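Trainee: I would like to learn how to read a few features of a model. Please take me through them one at a time.

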Amino acid sequence: MPVIDSLVHVTPDGSWFGTRHDASLGRLLAEMDAGGVDRAVVVALAGHIDNGFVARTCAAHGDRLIPGASLDPSRAPSPARAAAMRRELDAEADFAVLKLHPRLNGYDPLDPRCLALLEANALCARPLPVWLDTIWRGPGAALSRAPADTVHELAARFPDTPLVLLHGGGPDLLALADMAGKFPNLTLDLSLTALYYAGSSLDADIRFALGRRDRVCVAGSDFPEYTPREYIARLRTLGRDLELDKLDNVLGRTLARLLGLEPA
């Protein structure tokens with residue numbers, strides 16, 4: 001069973017948003033080895049971590065790193081231009097996923113430009129699974145509807161686009177877990193949330209997701225915020241009463257199927 005980290009970041013100089021976190025490639029590979037992680041999805045961050053840098057980094061370690069591009073539809077002056085941004089992405093590199101970060105880039109996921117980008121992705125010759133950051137409250141957020149309602153709208157609008165709900169919505173995790181059991185295009189990601197909210201009532205919600213939604217759950221470290229060892233140990237603690245195959249699904253098998261790394 002492969003262990004796959006659903007979300008990691010690497011920067012050219014190892015810096016991470018003015019913190020002391022080390023986001024260097026060397027540290028990532030060392031932490032993957034220490035945590036027993038076979039592969040990891042490395043995502044760009046529009047306006048912060050360049051798509052080209054991520055493509056080159058992953059190409060140099062193709063047996064371990066999976067490249068994820070990032071686009072910011074709010075940079076586009078119109079929905080048509082946002083759609084063109086997605087079509088142009090295919091000429092840049094062979095990315096495996098597309099990351100959208102509405103809070104960091106300051107836009108509403110239901111902004112017409114974001115919807116146009118997602119529509120263009122769905123119509124591409126090779127549509128990409130969308131890694132959608134779902135921590136939408138706080139500075140920079142621009143929601144027009146509640147997080148759960150926003151996810152419901154996107155899942156219904158783009159039924160053939162796999163949407164990986166990064167961080168599981170944080171405090172909204174139970175509602176998103178419930179939806180992930182009903183919409184076949186939704187996958188619930190537990191990165192950051194399982195560690196950041198440790199000791200809160202979300203522990204019970206995560207145990208529910210591990211036990212009842214293991215086939216639509218994935219997990220990651222959100223490196224450099226946390227390490228593979230930390231998130232894996234946390235999930236094993238929360239899932240200590242579960243059958244081993246359920247944890248295997250969350251730690252790698254579900255994501256391997258989604259990315260086409262093993263047969264469905």
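Mentor: Two strands pair if DSSP finds at least two bridges between them. Strands (E, at least two residues) and helices (H or I, at least four) are DSSP runs, numbered from the N terminus. The model is predicted: local features need pLDDT of at least 70, side-chain atom pairs count only at pLDDT 80 or more, and totals for chains, interfaces and linings use all residues. Residues are numbered from 1 along each chain as its sequence is written, and side-chain values use heavy atoms, with hydrogens and water left out.

Trainee: Which residue in β5 is the bridge partner of L98?

Mentor: V130 is the bridge partner of L98.

Trainee: In what order do the 8 strands form the open sheet?

Mentor: The order is β1-β2-β3-β4-β5-β6-β7-β8, with parallel pairing. β1 (4-8) and β8 (217-218) stand at the edges with a single partner strand each, so one side of each has no neighbour in the sheet.

Trainee: How should I read the packing of α6 and α7?

Mentor: Two packed helices are described by the angle between their axes and the distance between the axes. Here α6 (residues 147-157) and α7 (residues 173-180) pack at about 20 degrees, and their axes are 9 Å apart. Axes are lines fitted to C-alpha atoms, for helices over the stretch in contact, and angles run from 0 to 180 degrees between N-to-C directions. α6 and α7 are therefore roughly parallel, a term for angles under 35 degrees.

Trainee: Which residues of α6 and α7 meet?

Mentor: A148, V151 and H152 in α6 meet A175, L176 and M179 in α7; contact means heavy atoms within 4.5 Å. α7 also lies across β6 (163-166) and β7 (186-189), and runs at about 145 degrees to β7.

Trainee: What should I look for in the backbone?

Mentor: Most residues other than glycine have a negative phi, and most peptide bonds are trans. F17 has a positive phi, near 50 degrees, and is found in the loop between β1 and α1 (25-35). A cis peptide bond joins F223 and P224, with omega about 10 degrees. P224 is found in the loop between β8 and α10 (228-238).

Trainee: How many helices and strands does the protein chain have?

Mentor: The protein chain has 11 helices and 8 strands. Its C-alpha atoms fill a box of roughly 50 × 40 × 40 Å, taken along the principal axes.

Key:
Angles under 35 degrees count as roughly parallel, over 145 as roughly antiparallel, 65 to 115 as roughly perpendicular and the rest as oblique.
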